[in-house]
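Please look at the sequence and the fold together before reading on. The paragraphs below move from the backbone to the helices, and from there to single residues and the ligand.

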Amino acid sequence: MRSHARLDRPRLQFAAAALIAGSLAPAAALAQPLRDLASGCGIGIGAAVTYSALNEPAYATTLGAELSVVTPENEMKWSNIHPQRTQFSFDRADAIVALAEANGMAVHGHTLLWHQQNPGWLTNGGFGRDEMIQILADHIDTVAGHYSGRVAVWDVVNEVFESDGSLRRSIWLDRVGPDYIELAFQLASNADPNARLVINDYSNETINAKSNGMYAFISDLLARGVPVHGIGFQLHVTTSGINVQSFADNMRRFAALGLDIYITELDVRMQLPPTAASLAAQANVYRSIAGACLDQPACGGIWMWGFTDAHSWIPSFMPGWGAALPFDERYAPKPAYDALSARFAECSAR
Ligand code: G3I
């Protein structure tokens, strides 16, 4: 098992926005893009991107100007990319990866295995263990192989733990057994030997039953040589924030296993409509989470689940809640944007 404090921050390959000669000029002409300030701190700043918004000029230009890492929000999930057993559909995910490359951004692949957004042919197929393993191998070989060398980080498995720290009941656990997780990592490593391979989850950012279960499980995988390189903390939170000290302590123990850390899906929701007070509280949460990442050398960066309130999963999944991102619905920067910018400027200036 690798169990030493790391000396270097995980660094993904991305370029400063100012160096990009592509067609996506900064829309808002903000003083210094977040991606340049974050890069000065040695980290990436990213967002989930939805294919259906790419034709909005303000969406594409703000994204290209401000962010250095892109996660396809839905387009690499099984139901979209593998709609029939013998059919893969890469067009939409390819468009997002091409946009990222045109703007010198790194790509975070999401996700090679999940219990949601699976196609009917998989969930209703009645497959036994051997066939499920064959299907998983075909999927990971094909998808991670298709993007080999172009995806910097893969969420190999997503949300595979229950809140008590045990493995989640799913088609994978039920039909294959617990070794589906190590199988998925081995397959991903074979298909793309250069990608950082991550186990991603929510409500695992502080020290609690779920993160304790993950810590024990991942420690065992590493002890047996399974190629796990990182842990993702989704961080879908509210303006009440999180216990930042516990987050720091939790990151420290995973970093001591030799793992990269990525904040993968940050958003800070509030009850609508926003008020000056809730926007200020939100800014404080963004600032404190960014600070915790900067204080932890294993933290490679912060990706948000979207970047504009015009396109966020929150209002449709949690009615009455929203305004969770640093740009408002008209792509104007909010106090949360200013808080990130100011926090990154502190270390960029050093
Ligand atoms: O594209 C179809 C459209 O054709 C159809 O008419 C419409 C009708 O419902 O659905 C559209 O698909 C929706 C898709 O988002 C794209 O908008 C799905 O119904 C909807 O379920 C799907 O929701 C996504 C959700 O994952 C699925 O559980 C959200 O956009 C996406 O933000 C969310 O992302 C997850 C991460 O993958 C994992 N972590 C939590 C995060 C938030 O829930």
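In which loop does Thr-111 lie? Thr-111 belongs to the loop between strand S3 (106–110) and helix H5 (120–123), where helices (H or I, at least four residues) and strands (E, at least two) are DSSP runs, numbered from the N terminus. The model is a predicted one, in which local features need pLDDT of at least 70 and side-chain atom pairs count only at pLDDT 80 or more, whereas totals for chains, interfaces and linings use all residues. Residues are numbered from 1 along each chain as its sequence is written, and side-chain values use heavy atoms, with hydrogens and water left out.

Most residues other than glycine have a negative phi, and most peptide bonds are trans. Against that background, the peptide bond from His-110 to Thr-111 is cis, with omega near 0°. A cis peptide bond also joins Leu-272 and Pro-273, with omega about 0°, and Pro-273 is found in the loop between strand S8 (260–271) and helix H11, the latter comprising residues 276–295. Two residues are to be noted for phi. Glu-159, in the loop between S4 and H7, has a positive phi of about 60° although it is not a glycine, and Glu-159 is buried at a relative accessible area of 8%, where buried means under 20% relative accessible area, exposed over 50% and partly exposed in between (1.4 Å probe, protein chains only). Tyr-331, in the loop between strand S10 (321–322) and helix H13 (335–348), has a positive phi near 70° and counts as buried at 11% relative accessibility.

The buried residues of H8 are Tyr-180, Ile-181, Ala-184, Phe-185, Leu-187, Ala-188 and Ala-191. Seen down the axis of H8, these buried residues fall within an arc of 165°, so they line one face of the helix, the arc being that of the directions from the helix axis to the C-beta atoms. An α-helix has 3.6 residues a turn, so residues three or four places apart point the same way. The cover over the buried residues of H8 includes helix H6 (129–146), strand S4 (153–158), helix H7 (171–175), strand S5 (196–201) and helix H9 (209–223), with contact meaning heavy atoms within 4.5 Å.

Helix H10 (residues 244–256) can be read in a similar way: its 13 residues should span 18 Å at 1.5 Å a residue, and its end C-alpha atoms are 18 Å apart, which agrees. At the N-terminal end, Asn-243 caps H10, with a side-chain oxygen 3.1 Å from the backbone nitrogen of Gln-245; just after H10, Gly-258 takes a positive phi of about 95°. Among the buried residues of H10 are Phe-247, Met-251 and Phe-254, and what covers the buried residues of this helix includes H9, strand S6 (230–233), S8 and H11.

Val-237, in strand S7 (residues 236–238), is buried with a relative accessible area of 5%. Val-237 and Asp-267 are 30 residues apart in sequence and 6.2 Å apart in space, C-alpha to C-alpha, and Val-237 is in contact with residues including Asp-267, Val-268 and Val-285. Gln-282 lies in H11 and is buried, with a relative accessible area of 0%. A polar atom of the Gln-282 side chain lies 2.7 Å from the backbone oxygen of Val-268, a polar contact being a pair of N or O atoms within 3.5 Å (within protein, one must be able to donate a hydrogen and the other to accept it, and residues adjacent in sequence count only if both atoms are side-chain atoms).

What surrounds the ligand? It is surrounded by 15 residues, of which the closest are Glu-73, Lys-77, His-110, Gln-116 and Glu-265, a residue being near if one of its heavy atoms lies within 4 Å. A ligand nitrogen is 2.7 Å from an N or O atom in the side chain of Glu-265, and a ligand oxygen is 2.9 Å from an N or O atom in the side chain of Trp-305. The protein covers 51% of the 790 Å² of accessible area that the ligand has on its own, as given by the Shrake-Rupley method with a 1.4 Å probe.

Methods
The expected span of a helix is 1.5 Å times one less than its number of residues.
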